[in-house]
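Please have the sequence at hand as you read.

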Amino acid sequence: MTTLRDRRDDPADPDERRRLSRRSFLGGGVAGLAAGALAGGLGGAAIAHARADEDAPADVSETAVPFYDQTHQGGIATPPQRYVVFASYDLTTTDAGDLQVLLARWSASIAQLQAGRNLGTVEPSRPSGVPTDTGEAADLGPNALTVTLGLGPGVFDDRFGLARHRPARFDHLPELPSDRLDPKLTGGDLSLQACAEDPQVAYHAIRDLSRLARGTAVVRWTVMGFGRASAGKGQTTPRNLMGFKDGTRNIKTDADLDQFVWHDGTDQAWMQGGTYQVARKIQMNIENWDADQIGDQHAVFGRTKQEGAPLSGTQEFDTPDFARKDASGELVIPATSHVALAAHENNGGLKILRRSYNFTDGMDEYGQINAGLLFIAYMNDPAAFVTMQTKLGRSDRLNEYISHVGSGVFAVPPAPATGHYVAEPLFG
Ligand code: HEM
């Protein structure tokens with residue numbers, strides 16, 4: 001059997017060499033290069049074309065998701081990988097040129113990382129050299145890494161002269177019912193969502209991209225997540241930390257992606273093929289939930305726990321019947337259950353693409369489990385989230401067991417063509 005290591009060390013296999021080597025591809029390092037030259041010069045690098053879905057090779061560590069020349073950025077419709085590191089950044093510059101250089105450097109670097117390459121040298125030849133790549137992913141494959149880059153509403157304020165490019169529907173989220181947001185976990189001018197099948201690959205991406213941002217942007221808040229808590233197309237439904245299947249009625253068809261997720265470029269052509277990302281750090285009162293009776297847990301979600309069936313049916317994928325009543329005239333799926341409030345049937349047909357992850361931050365200062373859901377959703381109008389969360393925040397039975405403590409909204413441009421970078425048309 002050929003192991004990953006054997007194949008990497010086999011100089012006679014140029015395809016594998018190109019695909020898997022994390023050797024010092026950028027030589028002297030990213031930071032010293034001019035943005036345009038960097039983005040252009042790296043564009044032609046070959047990337048193994050594979051997808052993180054059911055067609056992926058058995059050894060998922062070898063799966064690479066292409067970055068350039070895609071209609072959309074990865075990490076949105078890409079079937080959710082098992083781990084995420086999400087980071088929001090504050091820009092520390094007011095110079096549009098600095099922002100432009102950062103976006104170009106990040107784009108070129110993301111292309112390298114997604115191909116499974118280092119961002120420069122892990123071990124400089126001279127003792128005085130400082131490694132340009134931190135090295136912790138050096139022996140790992142691409143692991144289906146995707147890094148999704150978003151722009152916060154602040155990018156379009158008066159700092160950078162970009163206000164004319166702000167899509168009309170894009171602004172800071174309003175305060176929503178039941179919000180208990182911590183300012184330290186809220187907002188941000190830029191976001192990076194790194195997803196991978198190996199947590200260290202996702203961590204390495206955020207660490208080294210944050211390093212590249214020095215002098216231009218600083219991390220504002222981060223969440224490390226695991227156990228993908230939203231099923232994508234072709235995946236079995238995972239469970240959130242409340243033990244319920246999550247993602248059963250997520251968007252799974254291209255027709256729904258076209259209708260509800262991808263931006264059609266109306267009002268701002270540079271957003272065509274892009275989307276909006278809403279990230280919410282939602283804490284769970286796990287101890288209270290774990291003490292709750294199963295009958296109440298069912299009523300909270302409107303679904304059964306083991307099978308994940310709507311309370312009006314018996315199988316996970318049965319269509320919920322929100323009008324069905326029991327013998328005593330009560331709705332079988334309570335009107336204030338999570339799914340009754342969130343379902344498209346009860347929201348004028350509205351749908352969003354959920355791409356959430358479980359997280360844990362250990363114990364809090366009261367000795368309680370500090371864990372929850374990093375809710376990430378994509379939609380072509382942030383108002384979809386506002387409409388849903390206004391309803392959920394007011395009436396959801398789940399509110400007894402959760403608190404929204406972090407929040408951010410970001411415009412996610414389409415993927416760049418080879419030789420270009422994310423959001424380049426803003427600087428034309
Ligand atoms: C900790 C917080 C949350 C938990 C534990 C949670 C869990 C669940 C579960 C178990 C389901 C049923 C299975 C499924 O169809 O996926 C579900 C459905 C759904 N959730 Fe959440 N959710 C949370 C927050 C949110 C938020 C903040 C939103 C949007 C604002 C949202 C939107 C939806 C939607 C649209 C559905 C599908 C409803 C349907 O069509 O039946 N959820 N969620």
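What follows is a tour of a predicted model, taken one region at a time.

Val261 brings us to helix 6, which spans residues 254–261. Which of its residues are buried? They are Asp256, Leu257, Phe260 and Val261. These four cover an arc of only 105° around the axis, so they sit on the same side of helix 6. That buried side packs against strand 5 (275–284), strand 6 (353–354) and strand 8 (369–379). The face turned away from it carries Ala255, Asp258 and Gln259, which are exposed.

Is Ser356 buried or exposed? Its relative accessible area is 2%, and because buried means under 20%, Ser356 counts as buried. Beyond its neighbours within four places in sequence, Ser356 is in contact with Arg228, Ala229 and Ser230, as well as Leu373, Leu374, Phe375 and Ile376.

Now for the aromatic residues. The structure holds 12 aromatic pairs. In one of them, Trp289 and Phe301 have ring centres 5.7 Å apart and planes at 75°, which means that the pair is edge-to-face. Trp289 belongs to helix 7 (residues 286–290) and Phe301 to helix 8 (residues 294–301), so this pair, whose members are 12 residues apart, links distant parts of the chain. Both Trp289 and Phe301 are buried. Elsewhere, Phe156, Phe170, Trp270 and Tyr276 form one aromatic cluster. A charged residue also meets a ring: Lys281 lies over the face of Phe359, at 4.9 Å from the ring centre.

His165 is located in the loop between strand 2 (146–151) and strand 3 (190–196), and is buried with a relative accessible area of 13%. His165 and Met271 are 106 residues apart in sequence, yet their C-alpha atoms are 9.6 Å apart in space.

Another loop, the one between helix 8 and helix 9, contains Val332. Val332 is buried too, with a relative accessible area of 18%. Not counting residues up to four places away in sequence, Val332 touches Leu311, Ser312, Arg324, Lys325 and Asp326. Leu311 is 21 residues away from Val332 in sequence, with a C-alpha to C-alpha distance of 6.2 Å.

Which protein residue is a donor to the iron atom of the ligand? The single donor from the protein is His338, through NE2, 2.1 Å away. You will find His338 in helix 9 (residues 338–342).

Methods
Residues are numbered from 1 along each chain as its sequence is written. This is a predicted model: local features need pLDDT of at least 70, side-chain atom pairs count only at pLDDT 80 or more; totals for chains, interfaces and linings use all residues. Side-chain values use heavy atoms; hydrogens and water are left out. Rings of Phe, Tyr and Trp (its six-membered ring) pair if their centres lie within 6.5 Å; planes under 30 degrees apart count as stacked, over 60 as edge-to-face and the rest as tilted. Helices (H or I, at least four residues) and strands (E, at least two) are DSSP runs, numbered from the N terminus. Buried means under 20% relative accessible area, exposed over 50%, partly exposed in between (1.4 Å probe, protein chains only). A charge sits over a ring if NZ of Lys or CZ of Arg is within 6 Å of the ring centre and within 35 degrees of the ring normal. Donors are N, O and S atoms within 2.8 Å of the metal (3.2 Å for Na, K and Ca); water is not among the atoms, so sites may look incomplete. The arc is that of the directions from the helix axis to the C-beta atoms. Contact means heavy atoms within 4.5 Å.
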